[in-house]
Amino acid sequence: MNEVALQVRNLQVHYATARGPVKAVNDVSFDLHKGEILGLVGESGSGKTTMGMALVGLIRSPGKVVSGEILLNGRDLTSLSVDAYKKVRLEEIALIPQGAMNSLNPVTRIREQILDGPRDHGIVLTKAEADDHVASLLHKVGLSPDVAKMHAHELSGGMKQRVAMAIAISMKPKVIIADEPTSALDVVVQKRVIETLQDVQQELGASIILIGHDMGLMAQTVDRLGVMYAGRLAEIAPIRETLIAPRHPYTRMLIESLPAVIEKKPLRGIAGLAPQLLNLPTGCAFHPRCPQCFDRCITETPDFRMADEGRWVACHLSDHQ
Amino acid sequence: MRLNYVFRRVGFFLLIVWVAASVNFFLPRLSGQDPIREKLLRESMLGGAMQAGMDQIVKTYEVKFGLDRPLYQQYFSYLGDVARFDFNYSISQYPNRVIDMILDALPWTAGLLSVAFLLSFSVGTLLGALFGWPRAPRYLGWLFGPLLSLSAIPYFLLGLVLLYFFAFYLKWLPSGGGFERGTLPTASVKFALDVAHHAILPALSILLAQLGGWALGMRAMMVTTQGEDYMVFADAKGLSERTLFLRYAMRNAILPQVTGLALVLGQLISGAVLVEIVFQYPGVGTLLWRAIRETDYFVVQGVVFFSIVTIGLATLLLDLIYPLLDPRISYEK
Amino acid sequence: MSTGPVLSSAQRGLSVHSESTWREQASEVGRFLRRNPLLVAGLVLLTLLFLFAVIGSYITDIKDAQPLAARPLLRPSSEYPFGTDKLGRDLFATIVAGIPLTLRVGIVAGLIGLGIGTFLGFVSAYYGGWVDNLISGIVDVGLTVPGLMVLIIIAIAFSGQLDVNDMALIVSALAWLYPARVIRSQVLTLKQRPFVEVARLTGMGGLEIIFLELMPNLLPYLAASLVAAIASAILASIGLEALGLGPVDSPTLGMTIYWALLNGAVINRWWWWWAPPILVISILFNGLFLLSMGLDEIANPRVRRSL
């Protein structure tokens, strides 16, 4: 678990708007360890989806990766040309998109959509080999081989999501970015999709970044959890330690907002709204909503620092200085 | 494809045929009188060699559409005639039958129109798709404006300009007609080439005038398509530019383009008819022009009926083809 | 304690709301005008034509647009800038007279078409049921049938007796079809939107909803449809006139082309006869086209970005 699959260093992704640049990802750094599932959780606008898109190189105008590095297999992805990045996608790093409801081509068959990625990457297969490959991929995600002949509109939401997963693993990438793979699904299907994801990960030995906003889901699935707020990482730590003793007030409030099943307690939310990225508060972006805010929080933005072995936090409370 | 769907479409086509016939019957009588009878009576009073035939026509007309018959009976007579493809005789070109005159002219129009249309649709759609694709060569963009400008003006006016320029000023191409005047049509290669030679300008007028329209529509569709989620995921798969353009963007964007085609079929025929007139091309258009000149009502009615029915048929074909292109459709309705 | 003030403030509240909706739309249009080069280009072209016609009417005598006003077949000169035709018409006067006539046909037919089309489109979408089926059915058939053919049959019954206003009426018979379809689909989309439900819940009546809530949102589509209706009306009228089925005594642009064609102006190299009307028609249609593209961008901003 100590080897690193992906490294992100000081990534800045900005969107140009009429009123100035929006820093959707603002100086984010973390490592993705080999074989782990890293969760990335946050509210809408926290930057988590932008982060996922940046990793697969899909940031399009008016967005731009302004600075920073994404290191995969010793290469900095941010320096790649458009064609070179195309080669890296699917083969080394794959995306399971948010909302696979509309992520599949409506007019072509599933089989074609599973095969065209590898084909454009130079893999040549005979018809029999192709059929086998498609059937085995569908089997891996728990779908019948008949799905190959179908069109997207014939599939349910959960099935579409699993097809997307099958496509993502078709070239056995080492890194998979799963962007809210269960958001539009009901709980039962969610469970099945996540189980499929875990099975797939075990078999491939891939490292997964699971992006989402559902703390409960994260708690059950991930090995380590990163919490994003207003474009920055607030905290990152192994899941157990995060749940037991969160270091950042935001993380703690996220955990406390989960409804308790065993002992009854009143539902708690987090007061206030997520900040507008064009109009960030001074100092720590969370300070207006933080119950433990003190003077330093209003004036000084906290650095993302190592608080313990394997734990990083951006909060003045954690500074023992 | 569900049989239900097919039946409804065929039903619509039959409705169109009925409307075509009814339009021909009722609209001329809008002024309160029957202009056809007026015309026939006038003609029969002129005398001459055609006298015997004209008398016969007038008598038959009076029997079917005389003032003494109630309107609805006249209507059913007319519908019956149409159903038997009896469009009567040409008043000015007696004893030619209208149906024969139309059938003679039809192949010319059909040939011209289908060639010009197929070319303009395919080239226009492809160009439009490229115009809407951000990673297409930049110099193509310069074509867009001029093409649109050309497509704004009526086809036949463009034809006029081209005719003057290429046939009279530059003298590169023939000045009209379907083939060299004075020659007889033969089934030879030489004749075929002559026909093609004469078809260039009319076809070009139709082609250039339509090109911009298709391009504009396709470009808009491509722009919309590129915003779709499946384009993002396709890109995430690392697909080649070519696959993204052809199999994902164009394949989807072309669907509304085909739907849009159904809407402009009427315009296509109307435009083509007028173009033929400019070039005196021996198709349905020139037939119509002469008929209007000579107030030859039966010919006009015949041409109008045929064009409406042809459009109806084309619409029907399109409707039947569309579900083959879009797998989502055959499972609804 | 009268309920008077309470009621009137509630009414005022409603009218403030509707006023701001209209005012919002007006200022938005103003802003878009500035940011929208296509729209401006279209307006410029149309204004140029308009000015040409206006100034032209002061320079020349409209009566010269009739036959026997001058010696026939004169080439363009300083006295006759566009020359004369075979029947002795001063072609400059003809064009100057023809522009407003052709425009009149287009605008009248376009307005009538838009009016009827909008009304029927609304009714069809708002009330649904058999009314919708009937109107949509008629629209579908009407749009499938080639319009020019139907117009020919109508016009031929009256041949020789038409004037410009009759032309406008005849053309408007078909001009309402497309607006009806467009407006219907837009209203159908809007009908689903929450703000209509809210309006209904606050007790606004059907007509109020139509005028205060739905109309402001339809304005861009109405404007685009009007321009399209005017353009297709002019196109239809030119087609009819070029066939000789138009108002024979009026020097409209289409009729001028008809006379040119009939007298073999192309074969005889009398280019000054047919070139100016074609040029004017091109400018007219390009202007209308740019205008409608500009309006389209307002209605659907996404189309803008790629050019």
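How far apart are the nearest C-alpha atoms of chain A and chain C, which do not touch? In this predicted model, the separation between the nearest C-alpha atoms of chain A and chain C is 11 Å.

The contact between chains B and C draws 43 residues from chain B and 36 residues from chain C. On the side of chain C that touches chain B, the elements giving two or more residues are helix H4 (129–144), helix H5 (147–157), helix H9 (206–242) and helix H11 (271–299) of chain C. The greatest share of this side comes from H5(C), which gives 9 residues. Sorted by class, the side of chain C that touches chain B holds 26 nonpolar, 8 polar and 2 charged residues.

Chain C itself contains 11 helices and 0 strands, and its elements accordingly read α-α-α-α-α-α-α-α-α-α-α from the N terminus on. Of the 307 residues in chain C, 45% are buried. When contacts in chain C between residues at least 6 apart in sequence are considered, 71% of them join residues at least 24 apart. Helix H8 of chain C (residues 194–201) lies largely in the open, because 0 of its 8 residues are buried. H8(C) is followed by Gly203(C), which has a positive phi, near 90 degrees.

Nonpolar side chains in soluble globular proteins tend to be buried together. In the present model, the largest nonpolar core comprises 268 residues. The residues with the most contacts inside this core are Val300(B) and Val303(B) from chain B, together with Leu151(C), Ile152(C) and Val171(C) from chain C. Among the elements, H9(C) gives the most to this core, with 17 residues. The surroundings of Ile152(C) include residues of both chains: apart from neighbours within four places in sequence, Ile152(C) is in contact with Val300(B) and Val304(B), as well as with Leu240(C), Leu243(C) and Leu245(C).

Within chain B, a helix pair was examined. The axes of helix H6 (residues 141–152) of chain B and helix H8 (residues 189–226) of chain B come within 7 Å and cross at roughly 120 degrees. H6(B) and H8(B) are therefore oblique to each other, and their crossing is left-handed. On the H6(B) side the contact is made by Phe144(B), Leu147(B), Leu148(B), Leu150(B) and Ser151(B). H8(B) contributes Leu208(B), Ala209(B), Gln210(B), Leu211(B), Gly212(B), Gly213(B), Ala215(B) and Leu216(B). By class, 9 nonpolar and 4 polar residues take part in the contact of H6(B) with H8(B), and no charged residues do.

In chain A, strand S3 (residues 37–41) includes Leu40(A). Once neighbours within four places in sequence are set aside, the contacts of Leu40(A) are Lys48(A), Met51(A), Ile209(A), Leu210(A), Ile211(A), Gly226(A) and Met228(A). A further pairing concerns Leu40(A) and His213(A), which are 173 residues apart along the chain and whose C-alpha atoms are separated by 8.1 Å.

Technical notes:
Residues numbered from 1 in each chain as written. Chains lettered and ligands numbered in written order. Predicted model: local features only at pLDDT ≥ 70, side-chain atom pairs only at ≥ 80, totals over all residues. Contact = placed C-beta atoms within 7 Å. Helix = DSSP H or I, 4+ residues; strand = E, 2+ residues; numbered from the N terminus. Nonpolar A, V, L, I, M, F, W, Y, C, P; charged D, E, K, R; others polar. Buried ≥ 20, exposed ≤ 12 C-beta atoms within 10 Å, placed from the backbone. Axes fitted to C-alpha atoms, helices over the stretch in contact; angles between N-to-C directions. Parallel < 35°, antiparallel > 145°, perpendicular 65-115°, else oblique. Left-handed = near helix turned anticlockwise from the far one by under 90°. Core = buried A, V, L, I, M, F, W, Y, C linked by C-beta atoms within 7 Å.
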